[in-house]
Amino acid sequence: MPVITRRALLGAAAALPLARPALAAWPEQPIRVIVPWNAGGLADIVIRALSGPMSGPLGQPVVIENRPGANGAVGTQAVARANPDGHTLILANAETHAINPLIYPKLPYNPVTDFTPVTLFARGPFALIIRPGLGVENFAGFLAKVRAEPGKLTFASWGIGSTPHLAMEGLLKQNDLQMLHVPFTGAAPASTAVVAGQVDAMFLNAGPAEAVSRDGKVKILALGAAERLSTLPNTPTLAELGQPIEAGNWFGLLGPAKMSPAIAERIAAVVAEQLKPAPMREIFRTQAAVPTTTTPEEMRKFIAEDTARWSSVVKDLNIRLD
């Protein structure tokens, strides 16, 4: 049996109160959540829906600040350099913390060492949409048309290395097909190009995809979700169609490195509680976002796994951006 010395006991006793006063004094001011993309997108909508309800139990307003640029890197870098006092968080996704590190050799932040994971709170599956008049009725017909015209059909995304770009490349690789990538500066101009018939297809967030499909502006062929969505009950998933491709994004909160673990756990617990009420879940449902919750440690493991998942696609494409 190990001998417990008086010095060890005194050291342990001295350490115990440290986390409690830090958490008791927090938050002392409004909590900023930096969204590293333009307002109006799925990530922006769901965090704004959560921010009001979070303010009550936290005792301070939760303020959303949009800071777009460089595939999310501008706003993410700002949080990496922020004071780790728990008053500044980043709304992260696959691009900021799994993909950017793979494609930007000079990325101004380290996704692992510069951040404290808090919680994953939503998944955003994509829908595969095609332009009107493409002349195919279903997913099998789409694959057949792409195979018959290698390299001639086009697909849109909101940037080189973005999740819809890599998701489509993964689908093409899986089926040994070729299409021409047409990158845009955002989801709105990319989907507008598909609606206008200027681009043949794209992976788009399922919520906006469902909206533009209602009046026949586009046709939805498949979903990247784990299971069918209530808003698109008749649309099969890629898994149902024999395609082991995960097409979608995720959204979560992280703080700067060295932020108190107690604060991270507190925020994660508050987010989990605010996702439970039916009105909140209805907001997520109408946006085709799937609510989920994790502990800080579970989020850390999730990001590592997501990075590994995307790395093979990025390696095959040999994407490197300055």
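Predicted model: local features only at pLDDT ≥ 70, side-chain atom pairs only at ≥ 80, totals over all residues.
Start with charge pairing. Side chains of opposite charge can pair when their charged atoms come close. In this model the count comes to 14 salt bridges. Three of these pairs are described here.

Take Glu65 and Arg67. Their side chains meet in a salt bridge, with N to O at 2.4 Å. Glu65 is partly exposed, at a relative accessible area of 23%. Arg67 is also partly exposed, at 29%.

Next come Glu210 and Arg214. Their salt bridge spans 2.8 Å from N to O. Glu210 counts as buried because its relative accessibility is 15%, under the 20% cut-off. Arg214 counts as exposed because its relative accessibility is 63%, over the 50% cut-off.

Now turn to helix α11, residues 296–317. Asp306 forms a salt bridge with Arg309, and their closest N and O atoms are 2.8 Å apart. The two residues lie 3 apart in this helix, so about one helical turn separates them. Asp306 is buried, with a relative accessible area of 4%. Arg309 is partly exposed, at 30%. Elsewhere, shared partners link salt bridges into a network: Arg32, Glu65 and Arg67 are joined in this way.

The largest pocket holds about 760 Å³. It is lined by 36 residues, and the closest to its centre are Trp37, Asn38, Trp158, Gly186 and Ala187. Which elements each supply at least two residues of this lining? They are α2 (42–58), α7 (187–195), β7 (201–205) and β9 (248–256). Of the elements, α2 gives the most, with 4 residues. By class, the lining of the largest pocket has 19 nonpolar, 15 polar and 2 charged residues.

The second largest pocket holds about 420 Å³. Its lining has 25 residues, and those closest to the centre are Arg123, Pro125, Ala225, Leu229 and Val290. At least two lining residues each come from β4 (115–130), β9, α10 (278–286), β10 (290–291) and α11.

How values were computed
Residues numbered from 1 in each chain as written. Heavy atoms only, no water. Salt bridge = Lys/Arg side-chain N within 4 Å of Asp/Glu carboxyl O. Buried < 20%, exposed > 50% of the residue type's maximum accessible area, 1.4 Å probe, protein only. 1 Å grid on protein atoms, 1.4 Å probe; cavity = no way out; pocket = protein on both sides within 12 Å on 5 of 7 lines; lining within 4 Å. Points joined across faces, edges and corners; volume = space filled by probe spheres on them. Nonpolar A, V, L, I, M, F, W, Y, C, P; charged D, E, K, R; others polar.
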